[in-house]
Amino acid sequence: MYVYELSEYQVYQLKSIDPALGGNWKTILISILPQLDIPSRKSVYEKILSKRNISPNFTYIIPDDLRSLLSKTAIRHRELKAIAIQMLKFIESKPDSYDAIELADKVEAMIDYLNRIDIGDHILDQKSRESIKKAFLYDLAFWIDNVNLIVQPGIRHLNTDIVKTYFKEVFIKQKIQGRDFRAWDSTDIDFQEQDNLPDIIKREAKRKKFFVIESERYWFLIGIADKSRQNPYSIKRFLHEDGGSNDLFVYLTHVVIRKELIDEESYIRHVKYCTSRLYTLDAGVSDTIIKFIAEAQHLCKTQIIPLLKKELKKDGEETEYHISKRMNDYEHQITISILNKLPNIINNAVTDSDDRYYLFYYLTKIFNKLIDNLQNFQLRPIATYSSNVEVMIARLISFKYFLDTIYDSLEDKKFEIKNFTNASKEIIAIVKEAFDSTEQNLIQLNQLEEKLKFYLETKENGSIWQKIKVGFPPNYTLEDVEHSKNEAKNEFFLSIINLAKKHNDNIVYVEFDCNEVLNEYYRHYAIANEKMAIARLPKVLRLPEDKKTFNIQKTNEAIHHNVFIFDKKHVS
């Protein structure tokens with residue numbers, strides 16, 4: 001069995017694994033991996049399991065705790081170090097019991113503070129922050145196991161085990177995994193058709209919009225967040241029941257379904273009541289926006305995502321050529337199905353906050369789905385190391401970042417599509433000008449190199465008359481020429497990095513701004529399209545961490561990228 005033959009549910013199960021946070025991870029691996037061929041198993045390990053602290057022989061590697069991390073890592077930023085010490089003091093405390101709501105407030109406050117610390121554009125401090133957060137959260141999961149949580153049952157009949165499971169397998173796991181965190185959208189038809197899904201969830205999914213997360217003992221139904229930047233997986237949000245003592249007017253953001261009670265009629269009545277109190281997002285949203293999102297979701301399912309499930313041709317052509325062509329087809333379909341319609345749709349949503357939030361919320365969901373499916377395509381052994389897949393993922397991630405920026409600007413009444421487009425036009429013009437200048441310098445240096453090589457060849461092998469004719473030697477060496485070439489390329493390389501720092505509203509540094517490491521040997525800078533802005537995916541400059549391997553022609557090709565023109569000679 002090949003990896004692309006796995007069902008969406010099987011991929012969901014694999015990506016949901018984190019041995020430190022509970023769950024039947026060994027059972028999942030035993031049920032899936034033996035079915036796969038060896039290259040597919042290797043790909044699943046490299047792209048999924050290695051990020052979950054699982055070794056090549058599929059054993060669990062205990063991650064560093066916060067104390068170990070601080071003892072062997074030099075944290076340069078004083079504020080980062082200070083909050084890390086406070087976190088350490090907390091997880092090394094040993095109370096017998098702790099109020100669940102108080103714990104939720106304290107933990108979220110510490111993490112929010114950590115995330116807000118201004119680290120400028122220092123990538124090392126960014127890595128330190130992520131390491132501190134991850135070590136703290138893993139320690140917190142262990143700490144929670146060893147403390148008695150005081151829980152208010154509420155109308156959902158919560159208990160300590162439910163809250164601890166949610167804390168670890170939803171809140172903590174989502175914080176660690178970020179965008180890679182797995183949750184089903186109830187509106188996803190593929191999800192509704194899952195055999196293992198209880199009937200009660202299938203029925204409710206036809207009436208309500210929510211996320212679903214499965215743990216070993218529970219199903220968690222999570223209502224859609226109703227405010228910008230609100231984390232739907234927040235532990236504070238999970239514990240909160242709005243309405244006080246009056247059950248008639250209570251509203252819920254989460255419902256818990258216990259698997260062992262799913263066959264009891266009285267329990268199903270209780271679940272139905274709870275889901276009737278679940279918040280829904282589409283009240284008051286215009287038909288135009290709702291229809292656009294519904295159509296975009298349908299086209300994703302029927303036109304865009306199926307492109308990634310087709311077999312690549314086996315006609316003797318290089319595999320990377322076929323992958324490049326498939327990525328171009330994928331981007332082309334996204335453009336004509338969704339992006340071309342975006343400017344008008346956004347204009348329709350500008351004046352209404354409900355329309356705006358609904359539109360951008362579901363656009364984010366759609367693009368997350370597109371990224372997820374692209375990463376699933378990357379599980380194929382032939383696509384694992386493809387630079388074309390890598391760049392397409394960078395395009396989608398950075399476009400999602402631009403959508404967030406646009407949403408915030410619309411909320412503040414600051415967004416002007418013309419200004420956004422003009423800024424990108426200026427940036428791309430600067431890059432093109434820098435390339436042209438660098439290219440001319442390299443052409444001149446190549447001419448000097450050829451002149452010197454001709455002189456040396458003539459002096460070594462030419463006739464007496466040729467040696468006389470060639471004259472005096474040039475006043476430079478081959479080493480001088482090579483040094484000048486490297487200097488010219490280095491100046492162009494640094495000009496892009498400096499441009500990104502100067503124009504951080506219009507250039508996305510994917511590894512820093514989005515906290516997504518796509519390839520440890522490359523960094524990715526995304527610039528919004530200078531002509532179509534939000535109607536096209538960004539142009540992505542893929543720069544090597546080793547400047548010696550920097551290829552200026554690849555950067556020029558990236559700047560001139562046009563989804564409607566596929567040029568075989570530009571395939572890398």
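Visitor: Where does Ile-565 sit?
Guide: Helices are DSSP runs of H or I with at least four residues, and strands are E runs of at least two, numbered from the N terminus. Ile-565 lies in the segment after helix 22 (552-559). The model is predicted: local features need pLDDT of at least 70, side-chain atom pairs need 80 or more, and totals for chains, interfaces and linings use all residues. Residues are numbered from 1 along each chain as its sequence is written, and side-chain values use heavy atoms, without hydrogens and water.

Visitor: Is Ile-565 buried or exposed?
Guide: Buried means under 20% relative accessible area, exposed over 50%, partly exposed in between (1.4 Å probe, protein chains only). Ile-565 has 57% relative accessibility, so it counts as exposed.

Visitor: Which residues form the nonpolar patch?
Guide: Patch members have over 30% relative accessible area and no salt bridge; nonpolar side chains (Val, Leu, Ile, Met, Phe, Trp, Tyr) are joined within 5 Å, like charges within 9 Å. A salt bridge puts a Lys or Arg side-chain nitrogen within 4 Å of an Asp or Glu carboxyl oxygen. Here the patch is Ile-336, Phe-564 and Ile-565, with about 280 Å² of accessible area together (Shrake-Rupley, 1.4 Å probe, only the protein chains shown as cover).

Visitor: What is the nearest side chain of opposite charge to Lys-15?
Guide: Lys and Arg count as positive, Asp and Glu as negative; His and chain ends are not counted. For Lys-15, in helix 1 (residues 8-15), that side chain is Asp-180, 4.4 Å away. Lys-15 is buried yet has no salt bridge.
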